[in-house]
Amino acid sequence: MAVASTMLPLGTPIPPFSLPDAVSGRIVKSTDFSGKPLVVMFICQHCPYVRHVKDELARLGQDYANQKIAIVAISSNDVIKYPDDSPAHLKMMAEELKLNYPVCYDETQEVAKAYRAACTPEFYLFNSLGSLVYRGQLDDSRPKNGLPVTGKDLRAAIERTLAGLPSGEQKPGIGCNIKWKAGNEPDYFAN
C-alpha cells in the first residue's frame, strides 16, 4: 500500500540512533556524523518504490563521497513477515549496489517512530547543526509514471544546504508503508 511521508517539522533536532550496520556489523550512531550535514533515508530491500530508485541511491553516495556530507540508510520493516528485508538481504543489496554508506537495521522500529517515518523510500536532511532542513521525496519519479529517476529534489536540498541556503520546496515522499510489527504501529497516523 502506497503512503505519503508524515513530514516531520522542519527544525526538528536529529532524533538519535544507535543501530547495527548490516554490512560491517559495527554500531552506527547519529553522533558519528556530528558537525556535518546528514542524509537519513528509510529504505528496505523488497519495496518496488525503493527498487525503482536503487541506482540513484548508489549514485548519491558516489557523487557526495568527497563532500562534507554523510549518508545513512535505515530499514525498519518487520523481518518476520518480510524476510527479504532482513539484515542479510540488506547486506546483499548494499553489496550489489556498492553502497558506500551504512545500511542499518532498526529491529525495534523505535528509530522509525522517532523520525515519524511512514514509507520507503523516505528522506531526511539535517544541517551541520543537526537541525532538519528537508524531508520528503527523492524526486517525482515513481514506478510506472514514466518520469526519469534523477534525485533532483533531494540533490537540490543537499546543494542548498552545503551552500548555507534554505533547502527550498519540499514534497512528501510516497512509497510502501513501513511494515510495522503487530501491535507496534505508531499513533502518528491518527493525527
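## Reading the cores, rings and sheet

Q: What does Val39 touch?
A: Leave out residues up to four places away in sequence, and Val39 touches Ile69, Ala70, Ile71, Val72, Tyr124, Leu125, Leu154 and Ile158. Touching here is contact, meaning heavy atoms within 4.5 Å. The model is predicted, so local features need pLDDT of at least 70 and side-chain atom pairs pLDDT 80 or more, while totals for chains, interfaces and linings use all residues. Numbering starts from 1 along each chain as its sequence is written, and side-chain values use heavy atoms, with hydrogens and water left out.

Q: Which residues have the most contacts inside the largest nonpolar core?
A: They are Val39, Met41, Leu57, Leu125, Leu154 and Ile158, in a core of 33 residues. At least two residues each come from E4, H1, strand E5 (70–75), helix H2 (87–97), strand E6 (103–105), E8, strand E9 (132–136) and helix H4 (152–162). H1 gives the largest share, five residues. A second, separate core has 22 residues, including Phe33, Phe42, Ala70 and Ala117. Such a core is a set of buried Ala, Val, Leu, Ile, Met, Phe, Trp, Tyr and Cys residues joined through side-chain atoms within 4.5 Å. The helices (H or I, at least four residues) and strands (E, at least two) are DSSP runs, numbered from the N terminus.

Q: Why is the pair of Phe42 and Tyr124 called edge-to-face?
A: Rings of Phe, Tyr and Trp (its six-membered ring) pair if their centres lie within 6.5 Å; planes under 30 degrees apart are stacked, over 60 edge-to-face, the rest tilted. Phe42 and Tyr124 have ring centres 5.8 Å apart and planes at 75 degrees, so the pair is edge-to-face. Phe42 sits in strand E4 (residues 38–42) and Tyr124 in strand E8 (residues 122–126), so the pair ties together parts 82 residues apart in sequence. Ring pairs also link Phe42, Tyr115, Tyr124 and Phe126 into a cluster.

Q: What makes Phe42 count as buried?
A: Buried means under 20% relative accessible area, exposed over 50%, partly exposed in between (1.4 Å probe, protein chains only). Phe42 has 1% relative accessibility, so Phe42 counts as buried. Tyr124 is buried too, with a relative accessible area of 0%.

Q: How do you know on which side or sides of H2 the buried residues lie?
A: The buried residues of H2 are Leu90, Met93, Ala94 and Leu97. They cover an arc of only 95 degrees around the axis, so they lie on the same side of H2. The arc is taken from the directions from the helix axis to the C-beta atoms. Ala88 and Glu96, on the other side of H2, are exposed. H1, E5 and E6 are among what covers the buried residues of H2.
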